[in-house]
Amino acid sequence: MAGIGTRSIVACARCLLGVAWCLGLGAAWAQGAMPDDGAALLAARPLAMPVAGVQAHALQDTFNDGRAGGAHEAIDIPAPRGTPVHAVDDGTLVKLFTSVPGGLTIYQFDPMGQLAYYYAHLDRYADQLYEGMVLRRGDLIGYVGTTGNAPVNAPHLHFAVFRLGADRHWWKGTAINPYPALRRLR
Ligand SMILES: [Zn+2]
């Protein structure tokens with residue numbers, strides 16, 4: 001009886017080890033084989049700072065802050081009203097949109113149509129901006145403001161990045177924290 005008991009315990013331990021090994025392998029596989037990892041896609045893009053005159057070290061990571069209506073899922077970059085806002089990447093300007101929370105906003109896709117960049121609370125758009133236009137990284141697209149639900153005395157750019165789905169709808173995507181990619185800029 002004692003022999004059987006010991007053997008069962010050994011077998012059970014071996015089984016648990018096997019499960020743990022399988023789980024580890026599964027996690028490694030998932031990490032290595034995830035071309036859809038939005039953070040990795042963003043990290044591979046050569047970005048530009050979206051707000052003129054802002055140094056990377058001055059950025060604050062406000063991605064996980066609470067906001068009215070849920071998580072922030074963006075970063076806020078304070079700057080005086082009228083400060084130029086630049087495209088962070090090459091790609092197509094897909095939508096000029098006015099919303100209650102975002103005010104005057106711009107949605108831009110990256111060149112592969114995998115990521116969407118969202119700029120909100122703009123005071124105004126740059127001249128001659130139109131949907132479908134091809135932007136180059138660093139192009140002037142608008143000016144910092146407080147349109148939408150931004151406090152009038154606290155102008156800032158609300159900047160978000162989304163991993164687009166297969167349908168590539170500009171209004172749908174999974175939020176990615178842009179802070180690490182912008183913080184690296186010189
Ligand atoms: Zn914000």
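Trainee: Which spacing do the donors of the zinc ion follow along the chain?

Mentor: The donors of the zinc ion follow the spacing H-x3-D-x81-H. Please note that this is a predicted model, in which local features need pLDDT of at least 70 and side-chain atom pairs count only at pLDDT 80 or more, while totals for chains, interfaces and linings use all residues. Residues are numbered from 1 along each chain as its sequence is written, and side-chain values use heavy atoms, with hydrogens and water left out.

Trainee: Which atoms are the protein donors of the zinc ion?

Mentor: They are NE2 of H72, OD of D76 and ND1 of H158, lying 2.0 to 2.1 Å from the zinc ion. Donors here are N, O and S atoms within 2.8 Å of the metal (3.2 Å for Na, K and Ca); water is not among the atoms, so the site may look incomplete.

Trainee: Are H72 and D76 buried or exposed?

Mentor: H72 is buried at 8% relative accessibility, and D76 is buried at 14%. Buried means under 20% relative accessible area, exposed means over 50%, and partly exposed lies in between (1.4 Å probe, protein chains only).

Trainee: How many residues line the largest pocket?

Mentor: The largest pocket holds about 620 Å³ of space. It is lined by 27 residues, and the closest to its centre are A71, H72, P101, Y118 and H158. A pocket is an open set of points on a 1 Å grid over the protein atoms alone, where a 1.4 Å probe fits, with protein on both sides within 12 Å along at least five of seven lines; lining residues have an atom within 4 Å of a point. The volume is the space filled by probe spheres set on the points, which are joined across faces, edges and corners.

Trainee: Which element gives the largest share of that lining?

Mentor: Strand β10 does, with four residues. Strands are DSSP runs of E with at least two residues, and helices are runs of H or I with at least four, numbered from the N terminus.

Trainee: A change of topic: how many aromatic pairs are there?

Mentor: The count comes to seven. Rings of Phe, Tyr and Trp (its six-membered ring) pair if their centres lie within 6.5 Å; planes under 30 degrees apart count as stacked, over 60 as edge-to-face and the rest as tilted. Y107 and Y118 form a tilted pair, 4.6 Å centre to centre with 40 degrees between the planes. Because Y107 lies in strand β6 and Y118 in strand β7, this pair ties together parts that are eleven residues apart in sequence.

Trainee: Which residues do ring pairs link into a cluster?

Mentor: The cluster consists of F97, Y107, Y118, F162, W170 and W171. Within it, Y107 is buried at 10% relative accessible area, and Y118 is buried at 10% as well.

Trainee: And where is Q108 placed?

Mentor: Q108 is in strand β6, residues 103–109, and is buried with a relative accessible area of 0%. A polar atom of the Q108 side chain lies 2.6 Å from the backbone oxygen of D89, and the backbone oxygen of D90 lies 3.4 Å from a polar atom of that side chain.

Trainee: Finally, how many helices and strands are in the protein chain?

Mentor: There are three helices and eleven strands. Buried residues make up 40% of the 186 residues in the chain.

How values were computed
Polar contact = N/O pair within 3.5 Å; in protein donor to acceptor, adjacent residues only side chain to side chain.
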